[in-house]
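Hello,

Here is the structure I promised to pass on to you. Please open it beside this email as you read.

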Number of protein chains: 2
Amino acid sequence: MPLDADIDVARIRPAYDQVAGQLKLLILNGSLAPGERLPVESSLGAAFGVSRNTVREALRMLSSAGLVRTERGVNGGTFVAQVAPEDVSDYLESRLGLLVSSDSISAADLAEARIMLEVPCARQAALRRSEQDLADLQAIVDAERDDHTGWSRGEHSHEFHLRLLSATGNAVMELMLAPVLAISRPNMLQPKPGTWDAANSDHARILDAVRRGDADLAAEVTLEHLRRVRDITDPAYDDSSN
Amino acid sequence: MPLDADIDVARIRPAYDQVAGQLKLLILNGSLAPGERLPVESSLGAAFGVSRNTVREALRMLSSAGLVRTERGVNGGTFVAQVAPEDVSDYLESRLGLLVSSDSISAADLAEARIMLEVPCARQAALRRSEQDLADLQAIVDAERDDHTGWSRGEHSHEFHLRLLSATGNAVMELMLAPVLAISRPNMLQPKPGTWDAANSDHARILDAVRRGDADLAAEVTLEHLRRVRDITDPAYDDSSN
DNA sequence: CGGGTGAAAATGTTGGACGTATTGCGTCGT
DNA sequence: ACGACGCAATACGTCCAACATTTTCACCCG
């Protein structure tokens, strides 16, 4: 038999894996709407031509992936899960943290990604911010300026960036950038004196640009600010491109 | 019995869930090192006092979470796996898909996020691409140009954007943009004639800018391309800011 | 009319049996 | 001695059939 190594036959997949894959497609495809109830396990088994046990193993995979949720009792069953964006954000934060701490992802990549994500967000925020956004941001900047305890200044800064992000008005960007911000936060705990004042001044300049709706200026000032933050938290960084 | 509603007794959890939870703790705890082999399913069942089927359902959950990997045959078994960024990406893709199909996230937000993510990536790719990146991208563009079957042209396009993303050299951006690209893909299945040729021409222009290391041009051309794509897949969009 | 009660429907769990992939060793032939 | 073939051992993969548990709802009775 000439089955050489260079022809790649599809590796055989266990039935439970294939069942899980097909169900996943149906769910992501929209054929099964969120909240909808799947057929009972026996019917699924009959439909796929496998046993109920195999179906259950597949359902466990989907349930672990958060795609379905099962309930017992009459009127119970397996339902397509309804997910909230916050859940995804929480998951992203914990997993990103793990990947960074295990060096699967470098801190430099994370810092760079923050810049690549947040600068376009600032640009967008300048175009789309509401009056409420402006008021909230101003309140945060003021509180940050007047707070000299030092304890919560990092909190204020984090809040400012989060609020700026939310002013972007894009749920996907919020979902992705929020975890990055959360992870980047603990890196700047013991800064040099004056660091927080400089940051507060930057925040005020960003807010000013956003208030005036000047997208280019907002992006530019944010970029400056983030570079400064990066140089403080990770001084070894030396990429002239950002 | 005074069991009021405000005391929250731990909701009973299925055995498979508890088994999965305990094994997960052992793994994250480090008690089970990556690569280490778990006891055989029968032994696990005996240890936890459950049947082998229940153990298997628990293992499917862990396997779906990317914590373990199973192999068949003698010297097979279940082994502790190492967490890979791809797992997080897969998870993100499925969750994002759900959020979009359940209208928790609008398609417009997704399309906009794609632009906000991919344009900075193109800029970065122009600065950091390797010769290998250029060769691979060129190969994809050529294959796309010469392929008139129509069937796989969407695949080529998807591949181009993925490869451009990987040329960015930032693991975090790859992690986040890849799912967005995957979800955006099936939206353009029945395009007007000439659409693919135009896309191919755009790809060639992007590659050219990246090859010359012109970050601004790469960003600009990519932005044009993505706007065009968005207008095709979602013509109702009317935001002049992007 | 209200409340207890049991049937019904679904998942949860068990035990055992057999299928299948993979490895490794032993035997046989050269 | 050495290699090829094949069989045995092992662990996962799959199926089946039955029973347990949880939850809801309709029915019956006071």
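Predicted model: local features only at pLDDT ≥ 70, side-chain atom pairs only at ≥ 80, totals over all residues.

Residues are numbered from 1 along each chain as its sequence is written, and chains are lettered from A and ligands numbered from 1 in the order in which they are written.

Let's start with chain A. Its secondary structure comprises 10 helices and two strands (DSSP runs, numbered from the N terminus: helices are H or I with at least four residues, strands are E with at least two). Along the sequence the order is α-α-α-β-β-α-α-α-α-α-α-α. Of the 242 residues in chain A, 39% are buried, meaning that 20 or more other C-beta atoms, placed from the backbone, lie within 10 Å of the residue's own.

Next, the two chains together: 42 residues of chain A are in contact with 37 residues of chain B (C-beta atoms, placed from the backbone, within 7 Å). On the chain A side, α5(A) gives the most, with eight residues.

Finally, the DNA. There are 23 residues around DNA strand D, and A:Ala15, A:Val50, A:Ser51, A:Thr54 and A:Gly73 come nearest (near means a C-beta atom, placed from the backbone, within 6 Å). Both chains take part: α1 (15-29) and α3 (52-64) of chain A, and α3 (52-64) and β2 (77-80) of chain B, each supply at least two residues of this surface.

Happy exploring!

Terms used: Buried ≥ 20, exposed ≤ 12 C-beta atoms within 10 Å, placed from the backbone.
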